[in-house]
Amino acid sequence: YEELEEVAAAWRRPEARMLDGRWHLSVFYNVLGISSRSSEETFAEMRRKLGEWRTRRPDAIEPVILLASLECSYAWNARGNGWAHTVTEEGW
């Protein structure tokens, strides 16, 4: 976890941009993030790993951000990505 935090810290600096202007840090979170098309088991495993990270490194912001991203993906997975009128009652 410490190595991941070091990479994030380096990529958080203002000059840490790609040639097209995107932040390196956005790549960090995208790579470590989880797809909204993931299985329940994958979501549960990622929550477990992020919880472990937070326990071992309570001052780290990275697992908090990743957990927030995970929960957004989980919500989209539950809702579905169709138009509002196509969402099932269970999805709502």
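What percentage of the 92 residues of the protein count as buried? The answer is 22%, where buried means under 20% relative accessible area, exposed means over 50%, and partly exposed lies in between (1.4 Å probe, protein chains only). Before we walk further, please keep in mind that this is a predicted model: local features need pLDDT of at least 70, side-chain atom pairs count only at pLDDT 80 or more, and totals for chains, interfaces and linings use all residues. Residues are numbered from 1 along each chain as its sequence is written, and side-chain values use heavy atoms, with hydrogens and water left out.

Let us start with the overall fold. The protein has four helices and zero strands, and along the sequence they give the pattern α-α-α-α. The radius of gyration is 16 Å, well over the 12 Å that the globule rule gives for 92 residues, so the protein is more spread out than a compact globule. That radius is taken over C-alpha atoms, and the globule rule is 2.2 Å times the number of residues to the power 0.38. Helices here (H or I, at least four residues) and strands (E, at least two) are DSSP runs, numbered from the N terminus. Along its principal axes, the C-alpha trace spans about 45 × 35 × 15 Å.

Among contacts between residues at least 6 apart in sequence, 48% join residues at least 24 apart, a contact being heavy atoms within 4.5 Å. The protein exposes about 6,700 Å², and carbon and sulfur atoms supply 56% of that area. Accessible areas come from the Shrake-Rupley method with a 1.4 Å probe; for residues, only the protein chains shown count as cover.

Now turn to helix α2, residues 24-32. Its buried residues are L25, F28 and Y29. Seen down the axis of α2, these buried residues fall within an arc of 90°, so they line one face of the helix; the arc is that of the directions from the helix axis to the C-beta atoms. An α-helix has 3.6 residues a turn, so residues three or four places apart point the same way. What covers the buried residues of α2 includes α1 (2-11) and α4, while on the other side of α2, N30 and V31 are exposed. P14 and H24 are 10 residues apart in sequence, and their C-alpha atoms are 9.8 Å apart in space.

Charged pairs come next. Side chains of opposite charge can pair when their charged atoms come close. A search of the whole structure finds nine salt bridges, each being a side-chain nitrogen of Lys or Arg within 4 Å of a carboxyl oxygen of Asp or Glu. One of them links E5 with R57, with the closest N and O atoms 2.7 Å apart. E5 lies in helix α1 and R57 in the loop between α3 (40-56) and α4, so the pair ties together parts that are 52 residues apart in sequence. E5 is buried, with a relative accessible area of 12%, whereas R57 is partly exposed at 30%.

Salt bridges that share partners join E45, R48, K49, E52 and R56 into one network. Within this group, E52 is partly exposed at 26% relative accessibility, R48 is partly exposed at 44%, and R56 is exposed at 57%.

Also in helix α3 is G51, partly exposed with a relative accessible area of 31%.

Our last stop is a nonpolar surface patch of about 210 Å², made by I61, V64 and I65. Patches are made of residues with over 30% relative accessible area and no salt bridge: like charges are joined within 9 Å, nonpolar side chains (Val, Leu, Ile, Met, Phe, Trp, Tyr) within 5 Å. V64 lies in helix α4, residues 62-79, and is partly exposed with a relative accessible area of 35%.
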